[in-house]
Amino acid sequence: MSDENNKDAPQPAETTGTDAEIEQAQAADNLPARAGEERLSEQVVRTGMFGAKTTGDTSGYGRLQVRRPAISSSPRPYGRYFDEIADELGRALDGAGVAFGDAIENVVVDRGELTFYVRREHLPEVAQQMRDDAKLRFELMSGVSGVHYPDETGRELHAVYHLISITHNRRVRLEVACPDADPHIPSVVATYPTADWHERETYDFFGIIFDGHPHLTRIEMPDDWHGHPQRKDYPLGGIPVEYRGATVPPPDERRSYV
Amino acid sequence: MTAPTTDAYDGAAEGRVFNVSGNDWDEVVAAVREEGEEKLVVNMGPQHPSTHGVLRLILTLDGETVTDARVGIGYLHTGIEKNMEYRTWTQGTTFCTRMDYLTPLFNEASYCLAVERLLGIEDRIPERASIIRVMMMELNRMSSHWVANATFGNELGATTIMTNGFRARERVLDLFEVITGLRMNHAYIRPGGVIQDLTPLAFEKTRELLKEMPREISDIRKLLDESPLYLARTKDVAYLDVAGCMALGVTGPVLRAAGLPYDLRKTQPYCGYENYDFDIPTYDGCDVYSRYRVRMDEMEESLKIIEQCLEKLQHTDGPVMIEDAKIGWPARLAIGPDGMGNSPDHIKHIMGTSMEALIHHFKLVTEGFRVPPGQAYAAVESAKGELACHAVSDGGTRPWRAHFRDPSFVNLQATAATCVGGSVADVVAAVASLDPVIGGVDR
């Protein structure tokens, strides 16, 4: 499958102009000042190393800051069957009176997989079109998984929907983000009844409230449980284990290399 | 034996409550009759032999007819996905193998395929490793199907099916023990390949299994395929057609028993399944009997695939772990005098000749490898349906998130659709035909 991915992967856009012009343009892009500025504007994703947080850090890595750019849109062409899906979804949404750009904030093609970042208010419409349009026909929803990104301010909680088209033998992923302060995403149970338990699970573990779900209750945790365990601010818990006189700390308190 | 305790609950909002805790059925029946109320809500489980673990069914009955069926799960929730966020990517296999304990190798395979896609090393997995993965998954498909059929027989009261089924499954587990060292929870498939090559004894035992298994299968088929008792309990019971399966997300043998030949091994091949010659059995009965037939046929197809695997392994040499020292753990193991697998050459190298190799080994094992940021979704056709892993990395040495789409979890949603309108006795058949394993449902 990967062979095919590489073959169809989007090629860099061809530039026109003389070699000198291209060289000049590239040189401007690579100016250390500009590159440094760009890098510093990126979000800090990680600080320190070896789990050292106290003054006992003699490695000097304690002040390390690792930055990463925000998720960027993939340029057209997306490759494989992805362009077809994007075009068809755009056409289907137009027919429903929604502009593609309004509903989809970002399209990412990564590792041979296509992801539409859907604005949450348009999720039910997008899901409906995905299922019903003859050229899309994603009739099977494989699941919903929640992901918590505490550092993405204003879009901390993500719900990720995996769709399968058996008719066309294709896969696509929808990703919807919502802020922690307002953790509401419209439910897609009306379109995909199988989302029932998946949304309950995501609610249970992340606290995302799926509006319009017929009975959004906890599913894995006990009904009277406090908190949502898969969130990053929820501790793993665990107790130290004594072994032959020494004490092994619980996993979340051990040295971390992250 | 205690008398049904009812008095304390007479004022409860749900009506009068009867606690049954032994052979006190006569008293309960008399009390219910006296009550005159026709609607009865019965809690089946979480401790019930026919619920495949700790599953709670809340059935509303009108006489013998089920008018509503609700499912309570979560009794076996172990937080495996949360725990995986606190271990390295390699250690993740040790956790996820324990989810659906009847399909450990599928759990590992889906996870490892997702991690490999994140790492971008899908093309660099040695061919021998892929063949071994396929062989192990097909063996696992058989052992899982044997349990599905055996426990179902037991629940219908046919203990012969149970003992025969578990005996056949035991043969597969013995083979697993020879190959991986463990009967269950193997952590055998790792990111980058598998942890150990097959030994000559493993080949011998696999051939032995290929000889014996067809007889085991035909024995059960002779017993069940045309048995009037079995047909009466399974034919046209728990009907679920393709539209129902699609809406509820049901995959695997249940979907194929509704007539749709959807199998990821054919439609979206992984681990080189496109190179094997096998069929996808389908039936169109949409009932418990068709699901049984699909499972039996799939076992026969699995035997065909395993035979091809052995043939391929004869002509495919090479490593079983990716040749990338930054990812692959030592995988040329030998059994030491203490019975544990070890890699003498590797130990000699890191302890005796190269300080750098020792540092690399130490970092790889304690710190683990870093996985580039992003997300990947890898699905395999497990014995129960589409089993997929959604792995998210932040660029670190541990999964940011690993979520499993377990087929048992999804298929169990079809309980109400298959049970409502039938009789209580058919609930057992319906749930068993969905083949849920609560370890996978609750994770």
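A:Pro77 sits in the loop between strand 2 (65–68) and helix 4 (82–95) of chain A; helices (H or I, at least four residues) and strands (E, at least two) are DSSP runs, numbered from the N terminus. The peptide bond leading from A:Arg76 into A:Pro77 is cis, with omega near -10°. This is a predicted model, in which local features need pLDDT of at least 70 and side-chain atom pairs count only at pLDDT 80 or more, while totals for chains, interfaces and linings use all residues. Residues are numbered from 1 along each chain as its sequence is written, and chains are lettered from A and ligands numbered from 1 in the order in which they are written.

Most residues other than glycine have a negative phi, and most peptide bonds are trans. A:Arg111 has a positive phi, near 55°, and lies in the loop between strand 3 (104–110) and strand 4 of chain A. A:Asn169, not a glycine either, has a positive phi of about 55°; look for A:Asn169 in the loop between strand 6 and strand 7 (170–178) of chain A. As for burial, a residue is buried if 20 or more other C-beta atoms lie within 10 Å of its own, exposed if 12 or fewer, and partly exposed in between, with C-beta atoms placed from the backbone. A:Arg111 has 17 C-beta neighbours inside 10 Å, so it counts as partly exposed, while A:Asn169 has 12 and is exposed.

With 14 C-beta neighbours inside 10 Å, A:Glu121 is partly exposed. The C-alpha atom of A:Glu121 is 7.0 Å from that of A:Pro186, although the two are 65 residues apart along the chain.

A:His122 belongs to the loop between strand 4 and helix 6 of chain A, and is buried, with 21 other C-beta atoms within 10 Å. Leaving out residues up to four places away in sequence, A:His122 touches A:Val98, A:Asp102 and A:Ala103; two residues are in contact if their C-beta atoms, placed from the backbone, lie within 7 Å. For A:His122 and A:Val98, 24 residues apart along the chain, the C-alpha separation is 8.4 Å.

Chain A has 7 helices and 11 strands. Buried residues account for 28% of its 258 residues. Take the contacts in chain A between residues at least 6 apart in sequence: 52% of them join residues at least 24 apart.

The contact between the chains takes 33 residues from chain A and 42 residues from chain B. On the chain A side, the elements giving two or more residues are helix 1 (2–8), strand 5 (140–148), strand 6 (157–165) and helix 7 (195–206). Strand 5 of chain A supplies the largest share of that side, 6 residues.

## Helix 6 of chain B

Helix 6 (residues 159–180) of chain B has 22 residues and spans 30 Å from its first C-alpha to its last, close to the 32 Å expected at 1.5 Å a residue (the expected span is 1.5 Å times one less than the number of residues). Its buried residues include B:Ile161, B:Gly165, B:Ala168 and B:Phe176. Just after helix 6 of chain B, B:Gly181 takes a positive phi of about 95°.

## How the helices of chain B pack

Two packed helices are described by the angle between their axes and the distance between the axes. Axes are lines fitted to C-alpha atoms, for helices over the stretch in contact, and angles run from 0 to 180 degrees between N-to-C directions. The axes of helix 5 and helix 6 of chain B come within 7 Å and cross at roughly 160°, so these two helices are roughly antiparallel (angles under 35 degrees count as roughly parallel, over 145 as roughly antiparallel, 65 to 115 as roughly perpendicular and the rest as oblique).

Helix 5 and helix 12 (residues 288–315) of chain B pack at about 155°, axes 9 Å apart, which makes helix 5 of chain B roughly antiparallel to helix 12 of chain B. Helix 13 (residues 344–353) and helix 14 (residues 355–367) of chain B meet at about 120° with axes 6 Å apart, and are therefore oblique to each other. Their contact is made by B:His349, B:Ile350 and B:Met351 of helix 13 and B:Ala357, B:Leu358 and B:His361 of helix 14 of chain B.
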